[in-house]
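User: Can you take me through this one? I'd like to start with a helix and then move on to other things.

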Amino acid sequence: MNRLERHISPYFTPRIYPPRPEVHLELQHTLVTMSTLRSWLSIPRGSHFSLANIPFGIISTASSKTPRVAVAIGDHALDLEVFAANNGFSALSTIQPHQAVFSQPTLNAFAALGRPIHSVVRKYIQNVFAEDTPYPEVLKTNPSLQKQAIYPLKEVQTHLPFKIGDYTDFYAGLNHAYNVGVLFRGPANALQPNYKHLPVGYHGRASSVVVSGTPIRRPNGQILEDPAAEKKVPSFSPCRKLDIELELGAFVCKANNMGEPVSIGEAEESLFGVVLMNDWSARDIQAWEYVPLGPFNAKNFGTTISAWVVLAESLEPFLAKGLENDSELLPYLREEKTENVYDIKLQVDLKSM
């Protein structure tokens, strides 16, 4: 349970250290703010953390170094541990027996409560911050709790949102798979015969998944200087072709017993939410080591994810129809819903220093 699958918060600035120049990666996402949602809290126009979003994460502050659960809204974070301790959830009986989850250092316990609970908590927080909130006494007209529980984002330290037990890296995205395939095998053999028939993936290294802002060290490994040489003799050196991958990471929050499959129709209920993800890749090392068993050290030295997890429910307005597959899927992989991918505009800015 609570595994990360590669498959939305702009605070995504991982760093790469010498021997090459430092590079900063900034990723931005666009979530449309629903015009009908207004807040009494000042939220900058165009904020990624609008009232329509309400992503969850883990924070600590100067006044309390213990990591705990929070949500982001505008330029602020609401400390849900303090909020809960001061009767913030007094009008939501559903969560009251479970309020201890907001004092945990990860989102695992909250995620394990299931999507119906995630939904009512998110909607309640939206109502609490709504301009015409039905619960003004909870926070809008409660300056004492505002002072205790609301922090400017610039004053909080974010942490890895989950304790990640497993990490599956899916080769998702037809264009991505083709482009990477061209690098290693040329255009004629870019896609393997199985690609359009099943989810292609491998297990990554869960322990090297880190939160945005964590330094990433350039890896060393074997590199084949001349792939065309008759005698293949590698050299050992720092990676010279370090690559980035703009991806979406999905957190799975529902367990299943070993050997018991999850049907395609039930899979959506296992999805907690998503983060932006950069799966750092040492392409020159990868090209030599990946045959015959697939990715290894070139793909598991570091994976950066954003700190705030956007709930799956928040993204439902952005579901769209995916690319046409010219191969017929086997019945167990066919989804009834045709709008089953997210239409999200993403942008990468690279700054060399």
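**Helix, strands and confidence**

Analyst: This is a predicted model. Helix H3 is mostly covered, with 11 of its 15 residues buried.

User: Which residues of H3 are buried?

Analyst: They are Arg115, Ile117, His118, Ser119, Val121, Arg122, Tyr124, Ile125, Gln126, Val128 and Phe129.

User: And how far apart are its end C-alpha atoms?

Analyst: The ends of H3 (residues 115–129) are 21 Å apart, which agrees with the 21 Å that 15 residues should span at 1.5 Å a residue.

User: Which way does S5 run against S4?

Analyst: Antiparallel, with 4 bridges between S5 and S4 (residues 56–61). Phe56 has Val71 of S5 as its bridge partner, and the hairpin between S4 and S5 passes through 6 residues.

User: What about S5 and S6?

Analyst: S5 and S6 (residues 76–79) are also joined by 4 bridges and run antiparallel. Ala70 is partnered with Asp79 of S6. Their hairpin has 2 residues between the strands, and Gly74 takes a positive phi near 60° there.

User: How many disulfides are there?

Analyst: The structure has 0 disulfides. Cys239 is buried at 1% relative accessible area, and Cys253 counts as buried at 4%.

User: Where does pLDDT stay under 50?

Analyst: Over residues 7–35, for which the model has 119 contacts beyond four places in sequence. Where pLDDT is low, the predicted coordinates should not be read in detail. For the protein chain, the mean pLDDT is 89, and 90% of residues reach 70 or more.

Methods. Residues numbered from 1 in each chain as written. Predicted model: local features only at pLDDT ≥ 70, side-chain atom pairs only at ≥ 80, totals over all residues. Heavy atoms only, no water. Expected span 1.5 Å × (residues − 1). Buried < 20%, exposed > 50% of the residue type's maximum accessible area, 1.4 Å probe, protein only. pLDDT = per-residue confidence, 0-100. Contact = heavy atoms within 4.5 Å. Disulfide = S-S within 2.5 Å. Pairing = 2+ DSSP bridges.
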